Structures are given as C-alpha cells and as structure tokens.
Amino acid sequence: MLERCSHYAALPLRIVLGCSFVVLGLQKLAGYFDGPGLTTTAETMAAGGLRPGGFWGWVAGCLRLVGGAAIVLGLLTRWAALVLALESLVATIGAWQLTNVEFRLAAPAAFVALALLGPQRYALDLKLPRLASWSRLGDTRGPASKAA
C-alpha cells in the first residue's frame, strides 16, 4: 500500500522545509515573525567576520526567502535544495552560538535528501518541459521519471 504513495514522499518535505526557510528569510530581511531584521543580521554577519555585513545579511536572507519559495513550488528543486543545504551547512559551521542545533543539523540533511528525491509530484519542474530537461527529470532510468 505504501509503495503506491512513495512518489509523494518529497511533498511534505518540500512544504515544511520550504515554508521554514521562507519564514527564516523574512526574519532576516524584514524582521517579520520576531526576527532580527536586516540591520541586526548585518551586525551579526560583520561581527562574525563577514564584511560588508549588510551585503552578506542581504544575501543570506534572499537565499533563504527565494530558495524556500522555490522548494515549496517545486521550481528547480534539486538545485535549490543543494544551494540551501550548502547555505545551511555554512550557517551551522559559522554560528558561534549553539541555538536550534537540531534544526541546524536536520536542515542540510533534509535538503540533501530532497535533492536526491527530486520534486516528485505537484512541482513546477514537472509541468515545464524545459525545467524538467534542465533538472534531468526527463531521465527514463531514474525514479523521477516514474513521478512524471
């Protein structure tokens, strides 16, 4: 019975991870959801040695916001997941404070799993042929072709 549903495995992962990173991006950029906002994020980046802090704060916030939205929509899913996995790993290594350690370790692992799974069902990657071929989703040898 579960085998019939296996092509939906990426969907809850995409929704939860993507929405989490959209919220993190909005926290860093605009201070929504009790976030620090760009000024505090820039100060934190500069204190960590990333100069100019404003630029790197903006880059980190935009990566999380745009990447999270791409994950939810299933837009260039594998590439977005790999970029966010790398960004999460850099943020984890660069954090001198050990807060949210569980999330900081689980997020890169989940993004790597999502990159390996591909978008599966209900993704823009599958609806746009040019994206499907660019993301190698048209490959007839892998599990992604079963989802299409």
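User: Which residues are linked into a cluster by ring pairs in this structure?

Analyst: The cluster joins Phe21, Phe103 and Phe111 through ring pairs. Rings of Phe, Tyr and Trp (its six-membered ring) pair if their centres lie within 6.5 Å; planes under 30 degrees apart count as stacked, over 60 as edge-to-face and the rest as tilted. The model is predicted, so local features require pLDDT of at least 70 and side-chain atom pairs pLDDT 80 or more, while totals for chains, interfaces and linings use all residues. Residues are numbered from 1 along each chain as its sequence is written, and side-chain values use heavy atoms, with hydrogens and water left out.

User: How many aromatic pairs does a search of the whole structure find, and what is the geometry of Phe21 and Phe103?

Analyst: The search returns four aromatic pairs. Phe21 and Phe103 form a tilted one, with 5.9 Å centre to centre and 35° between the planes. This pair connects distant parts of the chain, since Phe21 belongs to helix H1 and Phe103 to helix H5 (residues 101–117), 82 residues apart. Helices here are DSSP runs (H or I, at least four residues; strands are E, at least two), numbered from the N terminus.

User: Which residues of the largest nonpolar core touch the most other members?

Analyst: A nonpolar core is a set of buried Ala, Val, Leu, Ile, Met, Phe, Trp, Tyr and Cys residues joined through side-chain atoms within 4.5 Å. The largest core holds 15 residues, and Phe21, Ile71, Ala81, Leu84, Phe111 and Leu114 touch the most other members. Elements giving two or more residues to this core are H1, H3, helix H4 (77–94) and H5. The most comes from H5, with five residues.

User: What does Ala81 touch?

Analyst: Contact means heavy atoms within 4.5 Å. Leaving aside residues up to four places away in sequence, Ala81 touches Ile71, Phe111, Leu114 and Ala115.

User: Where does Ala107 lie, and what does this residue touch?

Analyst: Ala107 lies in helix H5. Because its relative accessible area is 4%, Ala107 is buried. Apart from residues up to four places away in sequence, Ala107 touches Phe21 and Ser88. Its C-alpha atom is separated by 7.5 Å from that of Leu17, 90 residues apart along the chain.

User: What is the crossing of H3 and H4?

Analyst: Two packed helices are described by the angle and the distance between their axes. The axes of H3 and H4 come within 9 Å and cross at roughly 145°. Axes are lines fitted to C-alpha atoms, for helices over the stretch in contact, with angles from 0 to 180 degrees between N-to-C directions. Residues making the contact include Ala60, Gly67 and Ile71 of H3, and Ala81, Leu84 and Ala91 of H4.

User: Which residues of H2 are buried, and what covers them?

Analyst: In helix H2 (residues 37–47), the buried residues are Gly37, Thr41, Ala42, Met45 and Ala46. Their cover includes helix H1 (10–30) and helix H3 (53–73). Just after H2, Gly49 takes a positive phi of about 100°.

User: How many helices and strands does the protein have?

Analyst: The secondary structure comes to eight helices and zero strands.

Key: Buried < 20%, exposed > 50% of the residue type's maximum accessible area, 1.4 Å probe, protein only.
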